[in-house]
Amino acid sequence: MMESCLRLAITKGFKDEQLKATILLAVIHEEHGNRTQAMELLTEAMMMAEPSGFIRVFVDEGVVVYSLLKRITARGDSRLYLLQLLAAFDEAEDNRIEMISEETDVYPYVSELRIDPLSVRELEVLHLIAQGRSNREISEILHIALPTVKGHNRIIFDKMQVKRRTEAVAKAREWKLL
């Protein structure tokens, strides 16, 4: 499905959407164990993004992208832009993103319940939901579009296996995410 989105973005000439789709496709390949393909796609995304200096689009995708960037660096790539991306991850979320050798060290609920961990951006949204913020307020605070907030909500609810904000907050407290 993501490949279809990428093809459509290329056909329509939507460069921003092409970049996002390429990054997401890299994440999907990494999650399915296709590390070589994931690294190639992320390298391609960096080449697309570098002239405009896009950084946030990478940081928003969280730990998987960070790990891929570290692997690209370990393989000998030391371009300034790659180092800037890694530095942005280090600064994001009050330096809460760190090199992760095992997800269960950081997200103990993952091994117990066998669910996908929440990304840094999803955790940001979840914290704002817990504060009682509306989708519009979250959109303004995080400087993202309202449909993006709604998309994050849907992903959070799916990952946490809940249907409502109140259920998500209760489960997050139970899992000590808040």
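A: From the N terminus on, the protein runs α-α-α-α-α-α-α-α-α-α-α-α, which comes to 12 helices and zero strands. Helices (H or I, at least four residues) and strands (E, at least two) are DSSP runs, numbered from the N terminus. This is a predicted model, in which local features need pLDDT of at least 70, side-chain atom pairs count only at pLDDT 80 or more, and totals for chains, interfaces and linings use all residues. Residues are numbered from 1 along each chain as its sequence is written, and side-chain values use heavy atoms, with hydrogens and water left out.

The structure holds eight salt bridges, each being a side-chain nitrogen of Lys or Arg within 4 Å of a carboxyl oxygen of Asp or Glu. Glu30 takes part in a salt bridge with Arg35 (3.1 Å, N to O) and in another with Arg71 (3.2 Å, N to O). Arg71 lies in helix H5 (residues 63-74) and Glu30 in helix H2 (residues 15-31), so this pair ties together parts 41 residues apart in sequence.

For accessibility, buried means under 20% relative accessible area, exposed over 50%, and partly exposed in between (1.4 Å probe, protein chains only). Glu30 is buried because its relative accessibility is 14%. Arg35, at 39%, is partly exposed, and Arg71 is partly exposed at 27%.

Another salt bridge joins Arg164 and Glu167, with the closest N and O atoms 3.2 Å apart. Arg164 counts as exposed at 52% relative accessibility, whereas Glu167 is partly exposed at 31%.
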